[in-house]
Amino acid sequence: AGLGLPVERASHVFFARATINERGPFWLTVDTGATVTVIDPSTAERLGLRVTQAGTRPDVGVAPGLTPVATTRGATIRIGQAAPFAPSPLHVVPVRAAQDLIGHRIDGVLGTDFLSRHVVEFDYGRGRVVLHAPGAFEADGAFQHLIVGPGRERALGDVDHPALHVV
C-alpha cells in the first residue's frame, strides 16, 4: 500500500508539496544525495524564522565554491499525510538558484534525514513517490535499489527507471 506524497516532477526531479509550521505550500526537491533537509533563506524569511549564521562551507547547495550556511529551529515540515518532521537544527542554504534551470520553484530540499526513516518508492513512470514503513515493503516489479542513511548516501544523478525505491 504505502503513503503517496503530493509531488510534481520537472527535469527528472521530484518536488514534494509541503507545509512548514502550517504555512505554505512550499516545494522541496526530493534529493537522495542530500544528507540533510534544508530550506532556502527566502523560505526562512517568509516563515519569520530566526536564522543563526554558521559561516561558509565548500560545495554545499547548488553553486560551486563557498556557500553561506545557517541554521534555524522550531520548524515542523508536513508532506501530505506523512508524520510531521521537525529537524533540529534545520539548515538554511541558498538553493533557489537552480529553479530556472530545473523549471520548478525550489523552497528547499528534502534530504536523507527524512527519507531514511522510510522505504521510499520513486516511480518515474507514474510520476509518484510513495513512502512505506521499513520492513513492510514488497517489490512487485523491476526495481533498482539504492541504500541511503548516515554514512551510506549515494547520489544517482538523472535516474529514469520505471521505478526506483530507496531502502
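**Aromatic pairs in a predicted model**

**View 1. F14, F122 and Y124 make up one aromatic cluster.** The model shown is predicted. In the whole structure, a search finds 3 aromatic pairs. In the pair of F14 and Y124, the ring centres are 4.9 Å apart and the planes meet at 55 degrees, so this pair counts as tilted. F14 belongs to strand β3 (residues 13-20), while Y124 sits in the loop between β11 (119-123) and β12 (128-132), so the pair ties together parts that are 110 residues apart in sequence. F14 and Y124 are both buried.

**View 2. R9 lies over the face of F14.** The distance from R9 to the ring centre of F14 is 5.9 Å. F14 is also a member of the aromatic cluster with F122 and Y124.

**View 3. F85 and F114 form an edge-to-face pair.** Their ring centres are 5.4 Å apart, and their planes stand at 65 degrees; the pair is edge-to-face because planes over 60 degrees apart are classed that way. F85 is found in the loop between β8 (77-78) and β9 (90-92), and F114 in helix α3 (residues 112-115). The pair links distant parts of the chain, 29 residues apart. Both of these residues, F85 and F114, are buried.

**View 4. The whole protein, for orientation, has 3 helices and 14 strands.** Of its 167 residues, 44% are buried. Among contacts in the protein with a separation of 6 or more, 57% are between residues 24 or more positions apart. The protein exposes about 8500 Å², of which carbon and sulfur atoms supply 50%.

Conventions. Residues numbered from 1 in each chain as written. Predicted model: local features only at pLDDT ≥ 70, side-chain atom pairs only at ≥ 80, totals over all residues. Heavy atoms only, no water. Phe/Tyr/Trp six-rings, centres within 6.5 Å; stacked < 30°, edge-to-face > 60°. Helix = DSSP H or I, 4+ residues; strand = E, 2+ residues; numbered from the N terminus. Buried < 20%, exposed > 50% of the residue type's maximum accessible area, 1.4 Å probe, protein only. Lys NZ or Arg CZ within 6 Å of the ring centre and 35° of its normal. Contact = heavy atoms within 4.5 Å. Areas by Shrake-Rupley, 256 points an atom, 1.4 Å probe, with all protein chains shown as cover.
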